[in-house]
Amino acid sequence: MNVFHGFLEAIRHLPEMARIEPMEDAERVARAKGVMRAKMDRSLALDLEACVSCGYCSEACHVYRATDDPRFAPSRKLDLLRRLHQRETAAFAPVMRLFTPDITADDLREWQELVYDGCTECGRCSLVCPMGVNTARGVNVMREALYEAGLAPPELLAVAQEQAGRGTVFGVGPAELKAAVAALAAQGVALPLDLPRADVMVVTTVIDVLLYHDALAATARILNHLGVSWTLRSAGFEAANFGLLAGNEALQRAASRRIVDEALAIGATTVILPECGHAYPALRWEGRLDDGRPLPFEVLAASEYVGREVTAGRLKLERLPPGKRVTYHDACKLARHGGVVQEPRAALRAIGVDLRETEPTAEQNWCCGGGAGTFLINRAAPLRHKAWAIKRDQVDATGADTVVVSCGSCRLNLMAGAEADAWPVEIRSLVEMAAAQLPS
């Protein structure tokens, strides 16, 4: 907990590190609109025109439900994109332009809270939308527009600039990774580093290097137990992608390229991501070779890999004594966006816990409130805590004494909420629980 509090203190000081580009309002608007125009393809235009204002998305949004504030209705978060489309790219744009107001710098400043603080891009709104509107994609476009306009939150801007400039995140680079590997080796956990060839490449994240050594150790112990040929690579180990979170596509691609280049260099057939929600879509769905071709290796989340090995019968786990009541929190990017639902549950069933599902569960599970970088935005703390209350009540209704997670951001937000509310429920990593039950 001391390290956790130290991490929170570092987050509080992030705005001091951001290099904010001075910009006139006219330039902000021009830059933002330029991004919106560039991203306005047929799919986005169809999403903007398909909305029938039914309100289903609002009832599915944890921020709207927690605040009852119509400003946070998911459909409204796309209003600036919709306005630009109506004025410039829609079929009746010349007519619509007569009575549709243009976008202003004040609009952009207002939307900063809506698409950064008030949206985790969890996708629950799209799941219930009868028209299939991909709100999360529209919000991501708005983040890109605001980043270009110099209006990304300074916390996300600071870390994105650090990752782009120094190749570190929160000061964690190859030297810090090597120190963590050495510390775990002293505890008897072997983590092969910088092997020239391996079938599996494992990537980790700053959260595991700084906070959750046990999660990194657990992944290593499972792979070693299975006899897998694997390695970490110090030149491409960081799964966190702050270009994606802040809204800078070039930085997003650069962060992914470090991992891709290392995986190609060692001939890896599989890349295993850590327990990090946004790292999953950043590499698995957005990752490409430089020429645009799909990645020639499989990308798996750590919980997905463990569940697959259990299901295939290769990973045998010892069962816990009866009476351990747990519920599993589905990370939005893994379950709703990635379909990783059964694999974590297969691992939990293998260790014999009393698995109690939340209501709703799986793809419809409520977001923890801290995803898409929101946990790092200091001013968003009140919103996060209100959204966390939905998750807290959902877990309490199951009667579980432990909530199991497979995302570091979810874990951080649950820990912060638990401490603030003196919540007695234990918070555990799925990979750590599985590793603890390896046969001796």
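A charge sits over a ring if NZ of Lys or CZ of Arg is within 6 Å of the ring centre and within 35 degrees of the ring normal. The structure treated here is a predicted model, in which local features need pLDDT of at least 70 and side-chain atom pairs count only at pLDDT 80 or more, while totals for chains, interfaces and linings use all residues. Residues are numbered from 1 along each chain as its sequence is written, and side-chain values use heavy atoms, with hydrogens and water left out.

**Exercise 1.** Identify the ring over whose face Arg124 lies, and do likewise for Arg384.

*Solution.* Step 1: Arg124 lies over the face of Trp366, at 3.7 Å from the ring centre. Step 2: Arg384 lies over the face of Phe375, at 5.0 Å from the ring centre.

**Exercise 2.** Describe the packing of helix 2 and helix 10.

*Solution.* Step 1: Helices (H or I, at least four residues) and strands (E, at least two) are DSSP runs, numbered from the N terminus. Step 2: Helix 2 (residues 25–39) and helix 10 (residues 135–148) pack with their axes 7 Å apart, at an angle of about 145 degrees; axes are lines fitted to C-alpha atoms, for helices over the stretch in contact, and angles run from 0 to 180 degrees between N-to-C directions. Step 3: Arg31, Ala32, Val35, Met36 and Lys39 of helix 2 make the contact with Arg137, Val141, Met142, Glu144, Ala145 and Glu148 of helix 10, where contact means heavy atoms within 4.5 Å. Step 4: By class, this contact of helix 2 with helix 10 has six nonpolar, no polar and five charged residues (Ala, Val, Leu, Ile, Met, Phe, Trp, Tyr, Cys and Pro count as nonpolar, Asp, Glu, Lys and Arg as charged, and the others, Gly among them, as polar).

**Exercise 3.** Classify the aromatic pairs Phe7–Phe170 and Tyr280–Trp285.

*Solution.* Step 1: Rings of Phe, Tyr and Trp (its six-membered ring) pair if their centres lie within 6.5 Å; planes under 30 degrees apart count as stacked, over 60 as edge-to-face and the rest as tilted. Step 2: The structure holds three aromatic pairs. Among them, Phe7 and Phe170 are 4.9 Å centre to centre with 45 degrees between the planes, a tilted pair. Step 3: This pair links distant parts of the chain, 163 residues apart: Phe7 is in helix 1 (residues 2–12), and Phe170 is in the loop between helix 11 (154–165) and helix 12 (174–186). Step 4: Both Phe7 and Phe170 are buried (buried means under 20% relative accessible area, exposed over 50%, partly exposed in between, with a 1.4 Å probe and protein chains only). Step 5: The ring centres of Tyr280 and Trp285 are 6.1 Å apart and their planes stand at 85 degrees, so this pair is edge-to-face. Step 6: Tyr280 counts as buried at 0% relative accessibility, whereas Trp285 counts as partly exposed at 38%.
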